[in-house]
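Hello,

Here is the structure for your files. My notes on it follow below.

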Amino acid sequence: MKAFGIQRAKLNGWANTYVFTKAMGETLLVGFKALGPLILQLVVILGKFKCILADPVSVLDLIPVDMVVNSIIVATVANANRSACVIYHVGTSMRNPVTISDFLNVVRKYFTRNPWLNKDREPVKIRRMKIFKSTATFSMYMQIRFVLPLAGLKLVSKAFGQYFRNGYVDYNRKMTSVMRLVGLYKPFMLFKGIFDDTNAEELRRATRESFIDAYNFDFDPKSIDWEDYFIQTHIPGLQKHVLIK
């Protein structure tokens, strides 16, 4: 396994397994910053297509970053004089779950009230979508609804001396873009796991009992009102501090 690891590392341009796995970890951390891009891509999909691949009851394990910071501070203080290593999962899927259905409804609600402008400065109309819970049914629908008509448009364009070529290219580009996004976010939209945060809950309990100013370092997922958080904080912040750039 050691020889295989070195071989794999060199194949990907790294000197040894240490720098290779370090790069893998860094890439993973970057990839998991998925909520902001997911919201933006959903707006694109909601505006152009009438369907999405997602399980409505799947739970997104989300947590505001300030709560992560608070948990790190509290855990550092609480474990300062301990030799044992305790792993804390800071998430919401167990104690304050938000489902895919909840998330889609909030995104639709926000961008219906505050329309997203496309590159032509026209408001994107947010559609109600048909949700497919399996890859097979989603692929079948896309084939019938979009892929076959696109193939027909290509044949017609060819028969008429590429008269419809620009329309075909534009439609194909949009189709390819959406399918790439669906593939990218499928692991999140169909994920079935619930993460156990028992250790974090025990840390919260101990902190409330032992520290007078524990309320200043709140990281209790039950305190989050998801609709209010997304509509009043997260999406407006995303628009102000990310999209403007």
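This is a predicted model: local features need pLDDT of at least 70, side-chain atom pairs count only at pLDDT 80 or more; totals for chains, interfaces and linings use all residues.

Residues are numbered from 1 along each chain as its sequence is written, and side-chain values use heavy atoms, with hydrogens and water left out.

The chain has a radius of gyration of 23 Å, whereas a compact globule of 245 residues would be near 18 Å (taken over C-alpha atoms; the globule rule is 2.2 Å times the number of residues to the power 0.38). Along the principal axes, the C-alpha atoms fill a box of roughly 80 × 55 × 35 Å.

There are nine helices and four strands (DSSP runs numbered from the N terminus: H or I of at least four residues, E of at least two). Their order from the N terminus is α-α-α-β-β-α-β-α-β-α-α-α-α.

The axes of α6 (residues 135-159) and α7 (residues 165-189) come within 9 Å and cross at roughly 165° (lines fitted to C-alpha atoms over the stretch in contact; angles run from 0 to 180 degrees between N-to-C directions). Therefore α6 is roughly antiparallel to α7 (over 145 degrees). Their contact includes Phe138, Met142 and Phe146 of α6, and Tyr168, Tyr171 and Met175 of α7.

Regards

How values were computed:
Angles under 35 degrees count as roughly parallel, over 145 as roughly antiparallel, 65 to 115 as roughly perpendicular and the rest as oblique. Contact means heavy atoms within 4.5 Å.
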